[in-house]
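Subject: Structure handover

Dear colleague,

Here is the structure for your files. Notes on what was found in it follow below.

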Amino acid sequence: MYEVGPDGISPAEALSQAVIEIERHVSSAGWDQPAQLFALVPTEELLAAEPQLAAQLDADDASKPLTPVAQGELPGGMDDEHLADALARIEWPDGVSGCAVAVERIVLPASVESGLADAESDAELARLAGSDPRRHEVRMVAAVLRDGDRFGAVRLRTHDEDGAVLTGVDLVPTLCQVLSLTFEPSTAGGPGSVLGGTSDNEEKLP
């Protein structure tokens, strides 16, 4: 189990590094992407188990406490409720210390959201939200560690610069809460998700 990284890096610091790395990696592919899931694995343990990966990591990546492992895309157009259902079916192996998800959302002022309550379908709701001039398109990255640390990042499409990305422990609490459920014991016997699980799209960043 990952506890403290090299050179005295705390789990919270390691998590924030991983979130920033994931956010920039996802952002490099542009906007209008489906939700993406990542496992966070202790780099030292990953290289011990798969030494051939050392050739894929530069010195900076190899020195980071946590390595994000891409699990592939989740179904496109997934709203928060269905995202929670999908994540609830995930069970991580013991070697996974944390996980992260990157999603794009349309954010509206509270006064506008209240006016959408009469939408008769999800499609109509999406249409109304997407056409409102007061909307903000954002990309959110939320991450949690098995032991409880959380961190998030938010990028606005209208301020699409690395220096304008917002980060913080309490920035995306709902997504973090949903992710934390993937580390709770399940009685359903759901599938694993990484390092021998069900994904065919595992990929180590960068």
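The buried residues of helix α1 are Ala14, Leu15, Ser16, Ala18, Val19, Glu21, Ile22, Glu23, Val26 and Ser27. Buried means under 20% relative accessible area, exposed over 50%, and partly exposed in between, with a 1.4 Å probe and protein chains only. Helices (H or I, at least four residues) and strands (E, at least two) are DSSP runs, numbered from the N terminus.

This is a predicted model: local features need pLDDT of at least 70, side-chain atom pairs count only at pLDDT 80 or more, and totals for chains, interfaces and linings use all residues. Residues are numbered from 1 along each chain as its sequence is written, and side-chain values use heavy atoms, with hydrogens and water left out.

Helix α1 takes in residues 11-27. Its 17 residues should span 24 Å at 1.5 Å a residue, and the end C-alpha atoms are 24 Å apart, which agrees; the expected span is 1.5 Å times one less than the number of residues. The buried residues of α1 pack against β1 (36-42), α3 (59-62), β2 (66-73), β3 (98-107), β4 and β5, where contact means heavy atoms within 4.5 Å.

Next, strand β5. Of the 7 residues in β5 (residues 150-156), 5 are buried, so the strand is largely enclosed by the rest of the structure. Two strands pair if DSSP finds at least two bridges between them. Strand β4 (residues 136-145) runs antiparallel to β5 and is joined to it by 7 bridges; Met140 has Val154 in β5 as its bridge partner. The hairpin of β4 and β5 has 4 residues between the strands, and Gly148 there takes a positive phi near 120 degrees. Strand β6 (residues 166-168) is also antiparallel to β5, with 3 bridges joining the two. Ala153 stands opposite Thr167 in β6.

Arg139 lies over the face of Trp31, at 4.2 Å from the ring centre. A charge sits over a ring if NZ of Lys or CZ of Arg is within 6 Å of the ring centre and within 35 degrees of the ring normal.

Last, the cysteines. A disulfide is a pair of cysteine sulfur atoms within 2.5 Å, and by this rule the count comes to 0. The closest cysteine sulfur to that of Cys99 is in Cys176, 9.3 Å away, which is too far for a bond. Cys99 is buried, with a relative accessible area of 0%, and Cys176 is buried at 1%.

Regards
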